[in-house]
Amino acid sequence: MTTSPAPRGQTASPGRDDHRWLLLATVAIAQLMVVLDATIVNIALPDAQKDLHFGQADFQWIITAYALTFGSLLLLGGRIGDLFGRKRCFVIGLVGFAVASAVGGAATSFGMLVAARAFQGGFGALLAPAALSVLAVTFTDPSERNKAFGVFGAVAGGGGALGLVLGGLLTTYLDWRWCLFVNLLFAALAIVGAGFYLHDREPHQGTLDIPGTLLASGGLFGIVFGFAHADTDGWADSGTLVSLALGAVLLVAFVLVQRRVAHPLLPLRVVWDRTRGGSYLAVAIAGIAVFGVFLFLTLYLQIVAGYSPLKNGIAFLPLTALIMVSSTTSNIFLLSRFGPRLLMFLGMILGGVGMLLLVRLPIRSTYTVDILPTLVILGLGFGLIFAPAFNSAILGVRPQDAGVASAMVNTMQQVSGSIGTALLSTIVGTAMRGYLTSHHPVTPLVQAAAAVHAYHVIFVVAALIFFGGAIVVGTLVRSKREYDLVAAAAPEAPDLIAAAH
């Protein structure tokens, strides 16, 4: 098969087609490690609490420490990869993530575990954009690109559910610490693959935008911290309000600065494109709603239905499998026929329908009747959203912008996850308190009913978010004809502005 010449910045070895697929496997392993860590540790928290003697209120900070550094440093990590070489950032990120995981697994105190999680997030912010941008500049043939991003989308979309399964297995049969130690295996495999198959070309010219870096990192930190703070201390708390307000002001200032500097951290041409902008929003909107499944369905299964961590993880296997099937199928077979707009629109609709089906959940449920059909629908929907969105979010970017464009995808996913956790947790708490206030006496059965009622409210809210996402995607993302024009010209003429603009 003859392929077009590699564009400047391509990281695969020229003329070695087989190595591109081995490089894809390397990148997928690294991405899986990063995505797994968002959920695998959640399963381990109760056992870690017993071992390290910290309170249940401190659970949040083990999750938030990772989210804060990861979410606030992603844009910086993406631009560093563009300027100084993606292989270098990829390997440094892998090594740093592995070391931080080892420290966390060996933690002897709560503070040591939180610090390790923060360093995991920081190195993940260097690693994740490099991984996605490697694919962006390596797979330029449309059919190969669709296959590669189908695999990547499957990992990005299904990794969180797989983390629940793996976390349950490791916690049940080994120890909670292995939920962190397992990253050493993933990192080692990816480092070996990067050594053999990842090749940097000359770094792109430019300088690091220091004002933009400070404004973006500070703004994202403020937003993520504000939502995390709201989850523990409430929306009226002064710390929450100040953090959110400061984060918003810094991000507005960041956009103004990016319009004026010669070498911006985030060139606005990356996000002004309709399809890329719509894809970023699709990832963010779906990320908020997806937490309605991963977090609150997990709580339902463990607290109300009485599932063990292992059984809880296994219950999510159909969701994981369907995400992987849907992601690869949508990108390999459907994207070229129907374009990303229709696929993401249908994915959002399926997500909303699946969430509404969860409103039927009773206190005593049957897995095959009450839960499994919903997981099948949601798995199909998530795959239709994430794989085309990841592909379209970096389609047509200039090679020197691939890292920061990739970082934007990860940033939207990470920040939306923090927003989803805080927002939906607040709604759950309010709904549960309202139910208990109107039902006396408060017996164990009433408490279970209150929890189920609160989860029903969350699933309705998540459904509305998905339906809103369908409107956004249908409005912003290009039609198939316009998308095909950009896709065909992308290797030769990045950042083509279609007539639809």
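Helix axes here are lines fitted to C-alpha atoms over the stretch in contact, with angles taken between N-to-C directions. The model is predicted. By those axes, helix α14 and helix α15 cross at roughly 140°. Helices α4 and α5 also pack, at about 155°. One salt bridge is counted.

**Helix α14 with helix α15**
- Helix α14 covers residues 317–358, and helix α15 covers residues 367–393.
- Their axes come within 4 Å.
- The α14–α15 contact holds 28 nonpolar residues and 13 polar ones. No charged residue takes part in this contact.

**Helix α4 with helix α5**
- Helix α4 spans residues 86–105 and helix α5 spans residues 110–138. Their axes lie 8 Å apart, at an angle of about 155°.
- The pair is therefore roughly antiparallel, since angles over 145 degrees fall in that class.
- The crossing of α4 and α5 is left-handed.
- Residues of the α4–α5 contact comprise 18 nonpolar, seven polar and one charged.

- Side chains of opposite charge can pair when their charged atoms come close.
- Here the partners are Asp 51 and Arg 177, at 3.2 Å from N to O.
- Asp 51 sits in helix α2 (residues 40–52), while Arg 177 sits in the loop between α6 (142–173) and α7 (178–197). The bridge therefore ties together parts that are 126 residues apart in sequence.
- Asp 51 is partly exposed, at a relative accessible area of 35%.
- Arg 177 has a relative accessible area of 18% and is buried, because the cut-off for buried is under 20%.

Conventions. Residues are numbered from 1 along each chain as its sequence is written. This is a predicted model: local features need pLDDT of at least 70, side-chain atom pairs count only at pLDDT 80 or more; totals for chains, interfaces and linings use all residues. Side-chain values use heavy atoms; hydrogens and water are left out. Axes are lines fitted to C-alpha atoms, for helices over the stretch in contact, and angles run from 0 to 180 degrees between N-to-C directions. Helices (H or I, at least four residues) and strands (E, at least two) are DSSP runs, numbered from the N terminus. Angles under 35 degrees count as roughly parallel, over 145 as roughly antiparallel, 65 to 115 as roughly perpendicular and the rest as oblique. A crossing is left-handed if the near helix is turned anticlockwise from the far one by less than a right angle, and right-handed if clockwise. Ala, Val, Leu, Ile, Met, Phe, Trp, Tyr, Cys and Pro count as nonpolar, Asp, Glu, Lys and Arg as charged, and the others, Gly among them, as polar. A salt bridge is a side-chain nitrogen of Lys or Arg within 4 Å of a carboxyl oxygen of Asp or Glu. Buried means under 20% relative accessible area, exposed over 50%, partly exposed in between (1.4 Å probe, protein chains only).
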